[in-house]
Amino acid sequence: MPETESTLTNLYEHPGHLLRRAQQISVSIFYDEMGGELTPVQYAMLRNLAGNPGIDQVSLSSISGIDTSTGATVCARLEEKGLLERKVIPTNRRQRALTITRAGQQLLDDMIPGAQRLRRRLLAPLTGEEQLKFMELLTKLVQENNEQSRAPLTPIAATPPSAREAR
């Protein structure tokens with residue numbers, strides 16, 4: 001047995017359990033700092049859309065690490081709220097090009113201070129050096145295990161040509 005591995009009888013030695021707890025804490029702080037206008041997943045989708053106008057719904061889900069059925073539901077809710085628009089892509093009528101509305105962009109702009117407070121609060125128990133190292137290691141953990149996900153992240157460069165043409 002490797003030196004870093006125990007019998008794992010204590011639940012708090014399981015990285016997955018600690019990651020789940022960290023996610024619960026992150027979501028709680030998200031609502032404290034960002035309000036209830038958007039869920040964390042809606043925020044992620046809208047934030048990625050702001051940086052990729054004209055992207056199709058499937059590609060937006062992929063770069064957000066969200067399965068396509070959840071992505072479709074999230075996009076429908078964001079559209080209902082007037083935060084994004086969906087238009088049929090002429091070269092592929094089964095796909096829709098997405099754009100953020102002025103209201104959606106304004107909401108994201110208004111949420112920047114909350115996002116900054118969220119990050120500061122979540123990382124507050126760590127020193128500045130620990131924060132950098134933690135983010136580096138967490139990023140590595142996510143990237144190196146990406147293919148194990150039910151919704152692996154897809155780099156934006158890998159989006160289908162039809163989606164890029166609609167931009």
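This report describes salt bridges, a helix crossing and a surface patch in one structure.

The model is predicted, so that local features need pLDDT of at least 70 and side-chain atom pairs count only at pLDDT 80 or more, while totals for chains, interfaces and linings use all residues. Residues are numbered from 1 along each chain as its sequence is written, and side-chain values use heavy atoms, with hydrogens and water left out.

A search of the whole structure finds 5 salt bridges, each defined as a side-chain nitrogen of Lys or Arg within 4 Å of a carboxyl oxygen of Asp or Glu. The table lists some of them, including two made by Arg 121.

| Pair | N to O distance |
|---|---|
| Arg 121 and Asp 32 | 3.3 Å |
| Arg 121 and Glu 33 | 2.9 Å |
| Arg 86 and Glu 79 | 2.8 Å |

Arg 121 lies in helix H5 (residues 102-123) and Asp 32 in helix H1, so their pairing ties together parts that are 89 residues apart in sequence; helices are DSSP runs of H or I with at least four residues, numbered from the N terminus. Asp 32, Glu 33, Arg 117 and Arg 121 are linked in a network of salt bridges.

Elsewhere, the axes of H2 (residues 40-51) and H3 (residues 57-64) come within 9 Å and cross at roughly 110°, the axes being lines fitted to C-alpha atoms over the stretch in contact, with angles running from 0 to 180 degrees between N-to-C directions. The two helices are therefore roughly perpendicular, a term covering 65 to 115 degrees.

Terms used:
Parallel < 35°, antiparallel > 145°, perpendicular 65-115°, else oblique.
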